[in-house]
Structure formats: C-alpha cells, structure tokens
Amino acid sequence: MFAFILQRLIQAAIVMVTVAFISFLLFQYVGDPVVFLLGQDATPDQISQLRADLGLNQPFFVQFWHFLSNAVQGEFGLSLRQGAKVSRLIAERFPATLELALVAATMALVIGIPMGVYAALRRGTFLSQLLMTLSLLGVSLPTFLIGILLILTFAVWLHWFPSFGRGEVVQLGWWSTGLLTAKGWHHIVLPAVTLAIFQLTLIMRLVRAEMLEVLRTDYIKFARARGLSNRAIHFGHALKNTLVPVMTITGLQLGGLIAFAIITETVFQWPGMGLLFIQAVTFADIPVMAAYLCLIALIFVVINLVVDLLYFAVDPRLRVGKAGGH
C-alpha cells in the first residue's frame with residue numbers, strides 16, 4: 001500500500017508541474033495585460049515601467065520558476081486586474097464553486113442511481129424507454145441552453161426561483177455557505193439542476209449498462225438457482241458489484257463538475273471560480289488563469305488518488321495481485 005501511494009504521489013507531482021508549465025506557456029499568448037491595465041494611450045515609458053514592476057520583462061523560465069516556487073507555498077502572486085492576492089481571490093470564490101458542485105453531484109447520485117437500476121430491471125417497459133429517451137436529451141443538450149431554458153421557465157414565466165446570484169450566505173470563519181439559509185437554497189436550485197443534468201443522465205446510463213452486465217454473470221445465475229429472492233439478488237449482489245465502476249466514474253465526475261462549472265456560473269452569474277476565470281481571460285490576468293488551472297489539476301489529482309485507494313480497498317483482486325501475484 002505504501003509503494004502504491006508513493007507511486008501515485010510521484011505521478012501527481014509530475015502532472016502538476018506539467019499542467020503548470022503548459023498553462024503558463026499558453027497564457028503568454030492570450031494577450032498583453034499591460035495594455036489592458038494602462039489602455040491604448042499609454043506611453044512606451046509607462047508600459048516599460050509597469051512591465052518591470054510586474055516582473056513581465058524577465059525571461060519566461062524565470063517567471064515560471066517564480067510562479068512555481070510561490071505556488072508550492074500556496075501563493076500565486078497578485079492579480080493583474082484587481083491588484084489583490086490570487087490566493088485570496090480563489091479562497092473567496094472556492095466555497096461557492098465547491099458548494100454548487102457538491103449539491104449537483106448529490107442530485108446526480110440520488111436520482112441517477114435509482115433511475116439506472118429501474119431502467120435495467122424494468123427493461124422494455126414504457127417508463128424505462130421514456131427514461132432512456134430523456135437521458136439522451138440530457139446528454140445531448142448544451143449546458144448553457146439547459147440553463148437558459150430553466151431561467152426562462154422557472155424564473156421569468158413562473159417566478160419560482162431567482163435567475164442569478166448566490167443569495168444570502170453565512171460566514172463560518174473564512175468559509176462562506178448559502179446552505180444554512182433559505183435564500184441560499186432558493187438561489188442554488190437552478191444552477192445545481194443545470195450542472196447536474198448531464199452527470200445524472202451519464203450515471204443513469206452507466207448504472208443501467210453495468211447492472212445488465214452483472215445480471216448476466218454466472219454468480220447471479222447461481223444465486224437464482226439457490227432460490228434467493230429477486231430483491232436479495234438485485235440489491236444484495238448485483239447492485240453492490242455494479243457500484244464499483246460507478247464509484248470510479250462518479251469520483252472523476254466530481255472533479256469535472258468543479259472544473260466545468262464555468263458555463264453554469266457564467267449563465268447564472270454564480271460568484272464562483274469559473275466566473276473569476278472568465279473575467280481573468282477577458283483581461284488577460286495570467287496569474288489568476290494559471291492558478292485556476294493548477295487548482296483544478298490538483299483537485300483532479302487528489303480525487304483520482306482517493307478513487308484509486310478506494311478501488312484498491314474495495315476490489316480484493318488488486319491486493320492479491322500485488323501481494324502474491326496469484
């Protein structure tokens with residue numbers, strides 16, 4: 001187990017350095033932040049002075065080394081647009097993004113798994129076919145279109161939910177949450193549903209496919225031959241083995257929810273990291289963009305490590321193979 005964890009940590013470090021280098025390299029060609037800060041009427045002396053103050057006149061690898069050494073300490077420099085520490089800006093926005101992703105992931109799991117099980121066990125029925133058709137729509141429709149349709153229906157026509165913002169939040173130290181207020185829950189419903197629909201349909205189709213595959217295995221046939229009830233077979237044996245690959249996909253999807261909440265946050269003006277990233281791209285705020293991608297990469301690496309460890313703990317074949325090769 002120690003060797004397994006050490007190997008994953010080395011791989012994670014390599015991935016993080018690679019992501020940091022690629023993101024920092026790409027953002028050199030996004031635009032000139034000095035022009036955004038000073039405007040088109042700035043004199044060459046003003047531009048040169050600001051470049052020197054920001055350290056943008058140094059060679060690329062020197063800038064990258066400073067960025068990397070500071071990132072290891074949790075510091076990503078100053079935002080070129082706002083003049084504040086990037087770490088503080090991300091710390092202010094991260095609770096909103098994580099909160100939205102967790103609510104969306106919970107919706108996807110709580111609704112998607114039962115729907116997938118039903119579609120597998122009641123294959124061929126009208127409701128099962130309807131669920132599969134709706135799942136195709138959920139996978140096919142763009143996220144921004146789903147968000148706009150929800151805003152049009154539930155905010156503009158029905159006036160049931162607000163169309164933007166996070167609502168009332170409560171400060172718990174440096175952490176802010178809207179899940180402890182009624183207005184916070186009222187505001188999170190539409191963006192969470194928008195973000196969850198794709199994940200929900202994906203989980204439903206995955207559970208259905210895995211469930212059908214497990215039900216065709218020999219040990220399920222043996223369980224039926226022993227006279228076990230359908231309830232015991234379906235939920236005591238089949239579902240338990242179905243959830244092993246689902247666990248892996250779900251863990252990675254949580255990282256995807258955090259990373260790809262950009263569109264949802266933009267549509268609903270949700271004050272999270274995605275909206276911060278879009279604003280940074282508009283003003284060529286390189287430190288914010290690089291820090292955001294590094295943080296997303298770190299989240300994926302951590303989630304992937306946790307999923308690997310859970311998979312290692314759940315599947316005894318991996319432990320046996322590592323220990324004795326039998």
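I looked up Gln199 and found that it touches Ala108, Gln253 and Leu257, leaving out residues up to four places away in sequence; contact means heavy atoms within 4.5 Å. The model is predicted, so local features need pLDDT of at least 70 and side-chain atom pairs pLDDT 80 or more, while totals for chains, interfaces and linings use all residues. Residues are numbered from 1 along each chain, and side-chain values use heavy atoms, without hydrogens and water.

I placed Gln199 in helix 8 (helices are DSSP runs of H or I, at least four residues, numbered from the N terminus). Gln199 is buried, at 9% relative accessible area (buried is under 20%, with a 1.4 Å probe and protein chains only).

Next I took helix 5 (residues 86–121) and helix 12 (residues 273–282). Their axes come within 7 Å and cross at roughly 135°; axes are lines fitted to C-alpha atoms over the stretch in contact, and angles run from 0 to 180 degrees between N-to-C directions. Helix 5 brings Leu89, Ile90, Arg93, Phe94 and Thr97, and helix 12 brings Met273, Gly274, Leu275, Leu276 and Gln279.

I then followed Met273. Beyond its neighbours within four places in sequence, Met273 contacts Ile90, Arg93, Phe94, Thr97, Ile258, Glu265, Tyr292, Leu295 and Ile296.

Key:
Helices (H or I, at least four residues) and strands (E, at least two) are DSSP runs, numbered from the N terminus. Buried means under 20% relative accessible area, exposed over 50%, partly exposed in between (1.4 Å probe, protein chains only).
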